[in-house]
2 protein chains.
Amino acid sequence: METTFPLPSSDTVEQEEGTTLRPRFDINGLITAVTTDHQSGEVLMVAHMNAEALERTMATGIAHYWSRSRKTLWKKGESSGALQIVRQIRIDCDQDAVWLKVVCERKEDTCHTGRESCFYRAISPDDGRLKILVAPPSAD
Amino acid sequence: METTFPLPSSDTVEQEEGTTLRPRFDINGLITAVTTDHQSGEVLMVAHMNAEALERTMATGIAHYWSRSRKTLWKKGESSGALQIVRQIRIDCDQDAVWLKVVCERKEDTCHTGRESCFYRAISPDDGRLKILVAPPSAD
């Protein structure tokens, strides 16, 4: 699939204050995507997008990512039915990261571990151990 | 500076459900860090951390990152005084991304453009243009 985003500008003002989308893909052709729940503001996941994933997300309003492990376009929830409906996409100052605010069709399936967010553990400041804030779903 | 994080585990259950911090640094020795405002939940910035930045953040409660452009440890706000006080650090399922909830000492200095968040532009779903949600601070 052909995607036609303009290249990042060498003019910092244009890149940072302009109104043209000029995603700054990295050497692997990816930008970082942070996905939050539109209502709670909770960070659900951090993933990556290539040009096609960004283009598909913009065109369909459904979150698409690039799976670095499978090396394929990844329409989140395509197999589970837990699609992410995109309410807003923001881009950061240098245009190498996007922030997706989404509504999840099935919240519990955001993380492959069966949780609403991939960020279910906190790092304890005292001893550096991980504290599990959300238990895994029971097997029954 | 020596840092001593255990290596990521090849045992998925240990990596994803364990209570040992085993950051999965990428080939450049970095993990992704998403920083949100502790109160509003707004995504402020996306940056990266090497082992030392993560270790310093944990030890001091002040956000430290790795500056990919300057190739140095970056204590956010060290020159401007706009430190980020860390209220919670979370880590994701495969331990290659952290989420910092912070309180900013000077909110307006989070982004180098003088805004509270780097994500001050939204991508318009209709035409793909960027809509500036927060104007740059005036020069006077």
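How many bridges join strand 1 of chain B to strand 2 of chain B? Six, and the two strands, residues 31-37 for strand 1 and 43-49 for strand 2, run antiparallel. This is a predicted model, where local features need pLDDT of at least 70 and side-chain atom pairs count only at pLDDT 80 or more, while totals for chains, interfaces and linings use all residues. Residues are numbered from 1 along each chain as its sequence is written, chains are lettered from A and ligands numbered from 1 in the order written, and side-chain values use heavy atoms, leaving out hydrogens and water.

Seven of its seven residues are buried, meaning under 20% relative accessible area with a 1.4 Å probe, protein chains only. I31(B), A33(B), T35(B) and D37(B) point one way, and T32(B), V34(B) and T36(B) the other. In a regular strand, side chains alternate between the two faces of the sheet.

Now for the neighbours; strands pair if DSSP finds at least two bridges between them. I31(B) has M49(B) in strand 2 as its bridge partner. Strand 6 of chain B (residues 97-104) runs parallel to strand 1 and is joined to it by six bridges, with V98(B) partnering A33(B).

Back at the hairpin of strands 1 and 2, five residues lie between the strands, and G41(B) takes a positive phi near 80°. G41(B) also comes closest of chain B's residues to the rotation axis, at 2.8 Å (C-alpha). A rotation of 180° about that axis, with 0.0 Å of shift along it, superposes chain B on chain A (RMSD 0.0 Å), by least squares on C-alpha atoms of residues with pLDDT of at least 70 in both. That is the relation of a two-fold axis.

Notes. Buried means under 20% relative accessible area, exposed over 50%, partly exposed in between (1.4 Å probe, protein chains only). Helices (H or I, at least four residues) and strands (E, at least two) are DSSP runs, numbered from the N terminus.
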